[in-house]
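Please look over the sequence and the model shown here before reading on.

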Amino acid sequence: MKRNKLAVLAGIATIFTFYLTGNQTSQEVMAKPSNKITVAYTLNVNKKNIKNKKVKLSKHATVMAGLKKAWRVKSTMVLSLQ
């Protein structure tokens, strides 16, 4: 008798577990994979945190593209001939 009760209880617990893991919220079902990432930039001067900015970029963007989107950036190209 105890074995039957234990088997029934184990079966109910298994069904309940599968029921809970099978249910997804509407946000999980409707969420699309994004090709965007959020990058955080921090401006430090003399080891002091001056300003923080977060920027959304494509997954394959360069660091310089993110910097230019977040800050006013002056860049120069340096070629080294060896």
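A contact, as the word is used here, means heavy atoms within 4.5 Å. Among contacts in the chain between residues at least 6 apart in sequence, 14% join residues at least 24 apart.

This is a predicted model, in which local features need a pLDDT of at least 70 and side-chain atom pairs count only at pLDDT 80 or more, while totals for chains, interfaces and linings use all residues. Residues are numbered from 1 along each chain as its sequence is written, and side-chain values use heavy atoms, with hydrogens and water left out.

**The chain as a whole**

The pLDDT, which is the predictor's confidence in each residue on a scale from 0 to 100, averages 78 over the chain, and 67% of the residues score at least 70. The secondary structure comes to three helices and two strands, where helices (H or I, at least four residues) and strands (E, at least two) are DSSP runs numbered from the N terminus. Read from the N terminus on, these elements follow the order α-α-β-β-α. Helix α2, residues 26–30, has the lowest mean pLDDT among the elements, at 57, whereas β2 has the highest, at 90.

Accessible areas come from the Shrake-Rupley method with a 1.4 Å probe, and for residues only the protein chains shown count as cover. The accessible surface of the chain comes to about 8300 Å², of which 60% belongs to carbon and sulfur atoms. Of the 82 residues, 6% count as buried, a class that means under 20% relative accessible area, with exposed standing for over 50% and partly exposed for values in between (1.4 Å probe, protein chains only).

Strands β1 (residues 36–45) and β2 (residues 48–58) run antiparallel and are joined by ten bridges; two strands are said to pair if DSSP finds at least two bridges between them. One of the pairings sets Lys36 against Ser58 as its bridge partner in β2, and Ile37 stands opposite Leu57, also in β2.

The hairpin of β1 and β2 has two residues between the strands. Asn46 lies in this loop, and its phi is near 50°, a positive value in a residue other than glycine. Lys47 is also placed in the loop between β1 and β2, with a positive phi of about 65° although Lys47 is not a glycine.

**Residues of the strands and loop**

| Residue | Relative accessible area | Class |
|---|---|---|
| Leu43 | 36% | partly exposed |
| Val45 | 41% | partly exposed |
| Asn46 | 72% | exposed |
| Lys47 | 87% | exposed |
| Lys51 | 44% | partly exposed |

Leu43 is found in strand β1, and, not counting residues up to four places away in sequence, Leu43 touches Lys48, Asn49, Ile50, Lys51 and Trp71. The C-alpha atoms of Leu43 and Lys53, which are ten residues apart in sequence, are 8.5 Å apart in space.

Lys51 has its place in strand β2. With residues up to four places away in sequence again left out, Lys51 touches Tyr41, Thr42, Leu43 and Trp71. Tyr41 is ten residues from Lys51 along the chain, and their C-alpha atoms are separated by 8.4 Å.

**A nonpolar patch**

Which residues form a nonpolar patch on the surface? Leu43, Val45 and Ile50 do, with about 240 Å² of accessible area together. Patches are made of residues with over 30% relative accessible area and no salt bridge, in which like charges are joined within 9 Å and nonpolar side chains (Val, Leu, Ile, Met, Phe, Trp, Tyr) within 5 Å. A salt bridge, in turn, is a side-chain nitrogen of Lys or Arg within 4 Å of a carboxyl oxygen of Asp or Glu. Val45, one of the patch residues, lies in strand β1.
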